Amino acid sequence: MSYPELQAKIFLYDIFDWVPALPLLEPRARFLHAGTLTKGGRGIAIMGWGGAGKTTSLLKLCLEDDWAYLSDDLGLVDTTGRLYRTPKRIQIYGHNISGQPRLAARLFRNMGPVDRLAWQCRLMLKGPTGVRRRIGARAFLGHMAESAKLTDILFLERGTSRDPELLPADTDEVARRMAAIVLAEIEPYSSLHRE
């Protein structure tokens, strides 16, 4: 990718993607790098490094266990601990639907034949991390909520075991882990400079 193409990509997918959500930030509200959802009075934020399974987990819970969607990747929480729905579109990669027939069927039902062919070609050429589709949450999931009280934070982390492990973490530990992720994600902005 050339330098101007990289800058355009950073602007479009990293900077501009956040701009429409800025008016949602009322005083004392903050963004979370998390997928958020709710069910039965519980509000959950799913956090973790890119590729850890946040979006796949969120989509499976919404489609297969009747959780209500609030956000994917960009959650919004206020100082009282209330989560809010955000308008950001869901970004679904090939790896999100790999081995997930219900997710794949839901994604492809909204695609025309040309889009399906383009998806398959890109998947063959670039692999599951090189193909993605942005789709509105209502069109993809249907079931959405407006807000929920944050009751649980899940931090997904890939380890050597295939079995999930639930480890307790206090707020300081969660903040430390999330700070490392945010610092790594904003690193590409260091390449933005005036020529």
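Select Glu173 and Arg176: their side chains form a salt bridge, with the closest N and O atoms 2.6 Å apart. A salt bridge here is a side-chain nitrogen of Lys or Arg within 4 Å of a carboxyl oxygen of Asp or Glu. The model is predicted, so local features need pLDDT of at least 70 and side-chain atom pairs count only at pLDDT 80 or more, while totals for chains, interfaces and linings use all residues. Residues are numbered from 1 along each chain as its sequence is written, and side-chain values use heavy atoms, with hydrogens and water left out.

Both Glu173 and Arg176 lie in helix α7, three residues apart, about one turn of the helix. Helices (H or I, at least four residues) and strands (E, at least two) are DSSP runs, numbered from the N terminus. Glu173 is partly exposed, because its relative accessible area is 22%. The cut-offs are under 20% relative accessible area for buried, over 50% for exposed, and partly exposed in between (1.4 Å probe, protein chains only).

Ile186 counts as partly exposed because its relative accessibility is 41%.

Next, select Asp152 and Arg42, whose side chains meet in a salt bridge at 3.1 Å, N to O. Asp152 is in strand β9 (residues 147-156) and Arg42 in strand β3 (residues 42-48), so this pair links distant parts of the chain, 110 residues apart. Asp152 has a relative accessible area of 25% and is partly exposed; Arg42, at 39%, is also partly exposed.

Another salt bridge joins Asp115 and Arg133, at 3.3 Å, N to O. Asp115 sits in helix α5 (residues 113-126) and Arg133 in strand β8 (residues 132-135), so the pair ties together parts 18 residues apart in sequence. The count of salt bridges comes to nine.

Move to helix α4 (residues 101-109), where Leu103, Ala104, Leu107 and Phe108 are buried. Seen down the axis of α4, its buried residues fall within an arc of 120°, so they line one face of the helix. The arc is that of the directions from the helix axis to the C-beta atoms. To see what these buried residues pack against, show α2 (54-65), β7 (90-93), α3 (94-97), α5, β8 and α6 (137-140). Contact means heavy atoms within 4.5 Å.

In helix α2, select Ser57. Ser57 is partly exposed, with a relative accessible area of 27%. Leaving out residues up to four places away in sequence, Ser57 touches Ile46 and Leu156. Its C-alpha is 9.0 Å from that of Gly35, which is 22 residues away in sequence.

Last, look at the cysteines Cys62 and Cys121. Cys62 is buried, at 8% relative accessibility, and Cys121 is partly exposed, at 33%. A search of the whole structure finds zero disulfides, a disulfide being a pair of cysteine sulfur atoms within 2.5 Å.
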